[in-house]
Amino acid sequence: PQDYKEAAKWFRLSAEQGWAPAQTHLGVAYDFGDGVPQDRKEAVKWYRLAAEQGYAHGQAALGNMYQSGFGVLQDNLRAHMWLNIAAANGVDEARELRDDLAKTMVPADVSKAQQMARECLEKNYKGC
């Protein structure tokens with residue numbers, strides 16, 4: 001049996017030292033309530049810290065949160081932006097999610113989200 005509580009403890013230690021993969025794993029723990037109380041706002045916090053360091057899986061997770069509206073206000077533009085960035089950084093699942101999301105958006109919004117992604121890249125993922 002997996003000890004989620006123990007895993008969350010170790011992920012937190014690494015996450016607080018700034019290690020993006022641990023931040024993403026801690027975000028997943030909060031997202032699903034594995035070893036910690038479920039808290040999607042806390043999940044978003046950890047995903048964002050990883051995403052702003054350029055960690056593609058954190059970027060994809062953050063995009064998912066914006067798409068679903070878990071822990072943040074639902075926002076297709078930000079969802080597309082983060083999924084697009086994660087896809088560009090090699091997360092195949094993010095590419096599929098982005099493309100499916102784009103089918104539900106008007107072309108002007110897809111273009112705006114693509115512009116937001118370019119601006120986010122220029123800002124080195126900070127404050128996006």
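Because the model is predicted, local features need pLDDT of at least 70 and side-chain atom pairs count only at pLDDT 80 or more, while totals for chains, interfaces and linings use all residues. Residues are numbered from 1 along each chain as its sequence is written, and side-chain values use heavy atoms, with hydrogens and water left out.

## Helices that pack in pairs

Let us begin with the helices. The helices named here are DSSP runs (H or I, at least four residues; strands are E runs of at least two), numbered from the N terminus. Two packed helices are described by the angle between their axes and the distance between the axes. Each axis is a line fitted to C-alpha atoms, for helices over the stretch in contact, and angles run from 0 to 180 degrees between N-to-C directions.

| Pair | Angle | Axis distance |
|---|---|---|
| H1 (residues 4-16) and H2 (residues 20-32) | about 140 degrees | 8 Å |
| H3 and H4 (residues 56-68) | about 140 degrees | 8 Å |
| H5 (residues 76-88) and H7 (residues 107-122) | about 55 degrees | 8 Å |

Contact means heavy atoms within 4.5 Å. For the residues involved, Ala, Val, Leu, Ile, Met, Phe, Trp, Tyr, Cys and Pro count as nonpolar, Asp, Glu, Lys and Arg as charged, and the others, Gly among them, as polar.

Take H1 and H2. With their angle of about 140 degrees, H1 and H2 are oblique to each other, and their crossing is left-handed. On the H1 side, the contact is made by Ala8, Phe11, Arg12, Ser14 and Ala15, and on the H2 side by Ala22, Gln23, His25, Leu26 and Tyr30. Of these contact residues, 6 are nonpolar, 3 polar and 1 charged.

Now look at H3 and H4. H3 and H4 are oblique to each other, and H3 passes H4 in a left-handed crossing. Arg40, Ala43, Val44, Tyr47, Arg48, Ala50 and Ala51 in H3 touch Gly58, Gln59, Ala61, Leu62, Met65 and Tyr66 in H4. This contact has 9 nonpolar, 2 polar and 2 charged residues.

Next come H5 and H7. H5 and H7 are oblique to each other, but their crossing is right-handed. From H5, the residues in contact are Leu77, Arg78, His80, Met81, Trp82, Asn84 and Ile85; from H7, they are Asp109, Val110, Lys112, Ala113, Gln114, Met116, Ala117 and Cys120. The contact of H5 with H7 divides into 9 nonpolar, 3 polar and 3 charged residues.

## A disulfide

A disulfide is a pair of cysteine sulfur atoms within 2.5 Å, and the structure holds 1. This link joins Cys120 to Cys128, with 2.0 Å from S to S. With 100 degrees about the S-S bond, the link is right-handed.

Are these two cysteines buried or exposed? Buried means under 20% relative accessible area, exposed over 50%, and partly exposed in between (1.4 Å probe, protein chains only). Cys120 is buried, with a relative accessible area of 1%, and Cys128 is buried too, with 10%.

Most residues other than glycine have a negative phi. In the segment after H7 you can find Asn124 and Tyr125. Asn124 has a positive phi of about 55 degrees although it is not a glycine. Tyr125, not a glycine either, has a positive phi of about 70 degrees. At 11% relative accessibility, Tyr125 counts as buried.

## Two more residues to look for

Lys41 sits in H3 (residues 40-52) and is exposed, with a relative accessible area of 63%. Lys41 and Gln114 are 73 residues apart in sequence, and their C-alpha atoms are 25 Å apart in space.

Ala29, found in H2, is buried at 5% relative accessibility. Leaving aside residues up to four places away in sequence, Ala29 touches Asp34 and Val36. Ala29 and Ser14 are 15 residues apart along the chain, and their C-alpha atoms are separated by 14 Å.

Definitions and conventions:
Parallel < 35°, antiparallel > 145°, perpendicular 65-115°, else oblique. Left-handed = near helix turned anticlockwise from the far one by under 90°.
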